[in-house]
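My notes follow the display, point by point.

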Amino acid sequence: MLRPAAPALPATSVSRTVPLKPEPYSVEGEPFADAEEAWFWAVQAHDAKTAGARIIAGCGQVARPCEPQDLLQVIDRLYRARKLMRDHLHVLVHYGRRQSAPEPDRFREQRAHSLWQEAFTVIAPALRNKGIAR
């Protein structure tokens, strides 16, 4: 069975592009000084969110080029690509919640310090490429 042809649109109609979804955050913002600062910020924001805080984009003291979840996705992507191992993640989370890097001079933190350094050797270039850190 043949269907009738659709009527042609008049030449005066203008097509408009409608965005499917608005941008969740502004791309502009002050990048972090380094990858460690970005990591501490993301862990602190994630812990606040799990404690019940409502995080609203653009309402912080300093505009950032990303959301905390974006940074966690970078870490997840590196883990899935096997550039970060489970031991790296344990150290990142433990010292991220402490908001301080492991001390190389403390005997009990020497292994954690080497894992921390290895992790940020991989994380820093990924964050610089995305414009999240300098």
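How many helices and how many strands are in the chain? The chain has 4 helices and 0 strands, where helices (H or I, at least four residues) and strands (E, at least two) are DSSP runs, numbered from the N terminus.

1. Ground rules. This is a predicted model, in which local features need pLDDT of at least 70 and side-chain atom pairs count only at pLDDT 80 or more, while totals for chains, interfaces and linings use all residues. Residues are numbered from 1 along each chain as its sequence is written, and side-chain values use heavy atoms, with hydrogens and water left out.

2. Overall layout. Along the sequence the pattern reads α-α-α-α. Of the 134 residues in the chain, 28% are buried; buried means under 20% relative accessible area, exposed over 50%, and partly exposed in between (1.4 Å probe, protein chains only). Taking contacts between residues at least 6 apart in sequence, 75% join residues at least 24 apart, a contact being heavy atoms within 4.5 Å.

3. The core. The largest nonpolar core has 27 residues, and those with the most contacts inside it are Trp39, Leu71, Trp116, Ile123 and Leu127. H1, H2, H3 and H4 each supply at least two residues of this core, and H4 gives the most, with 9 residues. By definition, such a core is a set of buried Ala, Val, Leu, Ile, Met, Phe, Trp, Tyr and Cys residues joined through side-chain atoms within 4.5 Å.

4. Helix H2. This helix covers residues 68-80; its 13 residues reach 19 Å from first C-alpha to last, close to the 18 Å expected at 1.5 Å a residue (the expected span is 1.5 Å times one less than the number of residues). Pro68, Asp70, Leu71, Val74, Ile75 and Leu78 are buried in H2, and these buried residues pack against helix H1 (35-50), helix H3 (86-98) and helix H4 (110-130). Just after H2, Arg82 takes a positive phi of about 65°.

5. H1 against H2. These two helices pack at an angle of about 115°, with their axes 9 Å apart. For the geometry, axes are lines fitted to C-alpha atoms, for helices over the stretch in contact, and angles run from 0 to 180 degrees between N-to-C directions. H1 contributes Ala38, Trp39, Trp41, Ala42, Ala45 and His46 to the contact, and H2 contributes Pro68, Leu71, Leu72 and Ile75.

6. Helix H3. Which residues of H3 are buried? They are His88, Val91, Leu92, Tyr95 and Gly96. Seen down the axis of H3, these fall within an arc of 120°, so they line one face of the helix; the arc is that of the directions from the helix axis to the C-beta atoms. Exposed Arg86, His90 and Arg97 sit on the face turned away from the buried side of H3. H1 and H4 are among what covers the buried residues of H3. Gln99 follows H3 with a positive phi, near 60°.

7. Two residues worth a click. Leaving aside neighbours within four places in sequence, Trp116 is in contact with Glu36, Trp39, Phe40, Val91, Leu92, Tyr95, Gly96, Ala101 and Pro102. His113 lies in helix H4 and is buried, with a relative accessible area of 19%. Not counting residues up to four places away in sequence, His113 touches Pro102 and Pro104.
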